[in-house]
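Reader: I have a chain open and want a quick walk through its fold. Can we go through it piece by piece?

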Amino acid sequence: MTELNFQCKKCGREFDCEVGKISFPIEEDRPRFEKDIACPRCGILSMDEVWLTELGQTQLGAVFMSAE
Ligand SMILES: [Zn+2]
């Protein structure tokens with residue numbers, strides 16, 4: 001299970017979100033998360049409605065490096 005740090009584009013809030021398993025489909029330009037991203041204020045958001053923060057990118061990079 002992996003927690004990533006996001007920033008909500010709607011309210012600007014930064015939050016940690018448990019995204020479950022992360023996969024990196026070759027045919028897509030973005031990772032796929034097992035669980036939905038949910039802002040504590042706005043509820044469930046799509047990838048287009050959030051930014052991955054610098055911390056989140058570091059966290060995602062670590063997952064990518066350890067992925068087989
Ligand atoms: Zn929000």
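Reader: What percentage of the 68 residues in the chain do buried residues make up?

Author: Buried residues make up 13% of the 68. A residue is buried if 20 or more other C-beta atoms lie within 10 Å of its own, exposed if 12 or fewer, and partly exposed in between, with C-beta atoms placed from the backbone.

Reader: Before I go on, what sort of model is this?

Author: This is a predicted model: local features need pLDDT of at least 70, side-chain atom pairs count only at pLDDT 80 or more, and totals for chains, interfaces and linings use all residues. Residues are numbered from 1 along each chain as its sequence is written.

Reader: Ok. Which elements does the chain have, and how do they run from the N terminus?

Author: The chain has one helix and seven strands, in the order β-β-β-β-β-β-β-α. Helices (H or I, at least four residues) and strands (E, at least two) are DSSP runs, numbered from the N terminus.

Reader: Which residues form the largest nonpolar core?

Author: Eight residues: L4, F6, C8, C17, V19, I37, C39 and V50. Such a core is a set of buried Ala, Val, Leu, Ile, Met, Phe, Trp, Tyr and Cys residues joined through C-beta atoms within 7 Å.

Reader: And which strand gives the largest share of this core?

Author: β1, with three residues.

Reader: Take C39. Buried or exposed?

Author: C39 is buried, with 21 other C-beta atoms within 10 Å. C39 lies in strand β5. Not counting residues up to four places away in sequence, C39 touches C8, C11, R13, F15 and L45; a contact means C-beta atoms, placed from the backbone, within 7 Å.

Reader: How far apart are C39 and F6?

Author: C39 and F6 are 33 residues apart in sequence and 8.6 Å apart in space, C-alpha to C-alpha.

Reader: Switching to sheets. What is the order of the open sheet of three strands?

Author: The order is β2-β1-β7, with antiparallel pairing. Two strands pair if DSSP finds at least two bridges between them. The edge strands are β2 and β7.

Reader: How many bridges join β1 to β7?

Author: Three bridges join β1 to β7. C8 stands opposite V50 in β7.

Reader: Where does helix α1 pack?

Author: Helix α1, residues 54-66, packs on the sheet, touching β1 and β7, and its direction makes about 150° with that of β1. Axes are lines fitted to C-alpha atoms, for helices over the stretch in contact, and angles run from 0 to 180 degrees between N-to-C directions.

Technical notes. Contact = placed C-beta atoms within 7 Å.
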